[in-house]
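Hi,

Here is the structure I promised to pass on to you.

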Amino acid sequence: MLSLVGHLVRSWTDGAIRDLEAFRRGLSEPFPLREDPPPVTPYEVVYEAGKVRLRHYRAVGTPQPMPLVLVYALIKRPYILDLEPGRSVVENLTRQGFEVYLTDWIPPTRADTSRGFDAYVNDDLAKAVRVVQIREDVKEVAVLGYCFGGLLATIYTALHPETVKNLLTLTLPFDMSVRDGVPAFALMDQLGPDAIDLVADTYGNCPAWLMRAGFTSMAPLHHALNKYVDLYRSMDRPGYAETFALFERWMSDDVPLAGRIFREMATGIFGGNLLCKNALEVGGRKVDVASIACPVLNIIGEYDDVVPPAASRPFIDAVGSRDKRNLEFPNGHMGLAVSGAAQAKLWPEVGAWLKQRAS
Amino acid sequence: MAKQAVVGINEVVFTVLRTLLLDLPLVTAKRGFGMAEKRAVTETAWKGYDASIRLGSASIDRLYGNRLLGGLLVRSGHGLLRWQRLNNAAMGAFFAGLWRATDLPTATEVNAVREELRALAASVKAQGEKIEALIDRPVRSKASHSPKVARPIAA
């Protein structure tokens with residue numbers, strides 16, 4: 001009992017220090033990113049412009065003919081996809097022979113408050129894909145988007161279908177009318193568009209600390225206490241403490257969200273469910289999900305408590321593709337990227353699906 | 001809905017009460033009489049903890065749907081944000097406007113002066129090094145190396 005109390009005191013103190021440092025970083029302008037931990041999989045930055053930095057991870061062995069563009073979310077840092085050996089999506093895919101390109105989004109400053117979906121999709125992402133086309137000498141690429149990145153990837157594919165060979169979405173928040181499974185949404189619903197506008201008008205961008213507060217509110221008891229108790233109970237499991245430390249570091253690495261895309265996301269996508277209703281416009285063009293005709297693989301976490309599975313499943317019915325399916329895996333929102341089971345079973349299946357559709 | 005075991009809050013309350021009021025005292029008593037291992041006590045205690053966490057989480061989740069709490073958070077959030085906007089605007093006006101009226105330097109001006117001073121210090125140091133180099137250079141005299149001796153004037 002005493003050892004548990006001692007462990008909790010130490011863990012809480014570490015967590016409080018992490019939170020305060022994250023808060024301090026979030027209050028500074030320009031946003032002082034601390035360096036990511038050393039990458040597991042080596043990469044080179046092949047393009048940087050606007051708010052995107054494009055990383056290239058070389059395939060191991062004979063490369064597949066079709067390169068894969070990983071569209072990461074605008075929230076937190078992308079090293080969750082390359083966390084540690086044996087828990088790296090990037091490492092897994094490169095070992096399967098894929099040339100992987102990852103969008104490392106540069107956090108916005110006060111000068112970027114006017115950036116919305118149009119800037120991120122039709123400018124940054126479109127140019128990044130163009131770079132991949134030139135480097136790999138291909139006309140079409142495979143695109144895989146994770147969560148918010150899945151939204152960007154879906155919007156991009158609907159607006160630029162001629163460049164996308166295959167679309168993969170991982171925990172895509174599609175039908176945002178679903179409220180079951182995430183009780184915190186009920187609280188967010190009460191905020192209303194006025195609160196969103198007030199946040200954007202006060203801070204310019206949605207500050208990092210507010211993003212963190214939102215995610216913490218989804219499981220406050222877990223973040224305040226249970227994860228530290230689980231750490232105590234799992235201390236005998238080899239590697240658990242190291243993975244926990246890395247994961248906690250990632251959890252505290254929030255970044256701001258550009259003001260305009262914050263409004264579009266909160267009011268349009270979350271509040272108005274515009275993407276699901278086929279009523280979203282980006283850059284003056286309607287985003288018609290039904291016009292997506294390429295093969296689509298929609299990966300869903302059965303235990304996802306950030307994007308409920310019911311919010312993701314309808315995507316397959318909305319796209320116009322003939323070759324499409326949902327792939328449900330028994331894991332949570334982050335587990336799909338970092339768990340050993342996902343590395344052993346899910347990502348090889350994803351790789352096999354891609355290889356079948358490479359030509 | 002996620003495929004987690006969805007347990008109604010009543011069932012969770014029952015599990016907590018049963019574990020804390022029945023299972024745990026029973027297994028502790030058994031342990032006292034040597035009829036149960038320490039591991040059984042620990043496992044029962046953790047079961048009670050897990051059920052308590054589920055109860056706490058379920059309670060918080062129900063609270064999120066409470067209109068009174070939501071309204072309170074929204075109103076207080078609005079108030080705080082408006083106050084912050086006013087504060088930001090007032091501070092901005094003060095430091096941009098009144099600060100100049102008091103003729104106190106801004107941070108930019110102070111930094112500019114610091115940079116000038118640094119540049120001056122570097123220039124002085126460079127000049128000093130040049131002078132030292134000149135002093136240390138050996139002197140090159142002409143044909144006669146001996147000093148001229150004053151000859152006495154003939155009477």
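Below are some notes on a sheet in chain A and a helix pair in chain B.

Please keep in mind that this is a predicted model.

Let me begin with chain A. Eight strands form an open sheet there, in the order β1-β2-β4-β3-β5-β6-β9-β10, and their pairing is mixed. The edges are taken by β1 (44–49) and β10 (324–329) of chain A; each has a single partner strand, so one side of each is left without a neighbour in the sheet. From one strand to the next, the twist averages 20 degrees.

One pairing in chain A can be followed in detail. Strand β3 (residues 68–71) of chain A runs parallel to strand β5 (residues 141–146) of chain A, and four bridges connect them. As a reminder, strands of a sheet pair through backbone hydrogen bonds, in either the parallel or the antiparallel sense.

Now to chain B. Helix α1 (residues 9–32) and helix α2 (residues 38–64) of chain B pack with their axes 9 Å apart, at an angle of about 160 degrees. Angles over 145 degrees count as roughly antiparallel, so that is how α1(B) lies relative to α2(B). Their crossing is left-handed.

Which residues make the contact? Those of α1(B) include I9(B), V12(B), V13(B) and L20(B), while α2(B) contributes, among others, A40(B), V41(B), A51(B) and L55(B). By type, the residues of this contact of α1(B) with α2(B) divide into 13 nonpolar, six polar and five charged.

Methods
Residues numbered from 1 in each chain as written. Chains lettered and ligands numbered in written order. Predicted model: local features only at pLDDT ≥ 70, side-chain atom pairs only at ≥ 80, totals over all residues. Pairing = 2+ DSSP bridges. Helix = DSSP H or I, 4+ residues; strand = E, 2+ residues; numbered from the N terminus. Axes fitted to C-alpha atoms, helices over the stretch in contact; angles between N-to-C directions. Parallel < 35°, antiparallel > 145°, perpendicular 65-115°, else oblique. Left-handed = near helix turned anticlockwise from the far one by under 90°. Contact = placed C-beta atoms within 7 Å. Nonpolar A, V, L, I, M, F, W, Y, C, P; charged D, E, K, R; others polar.
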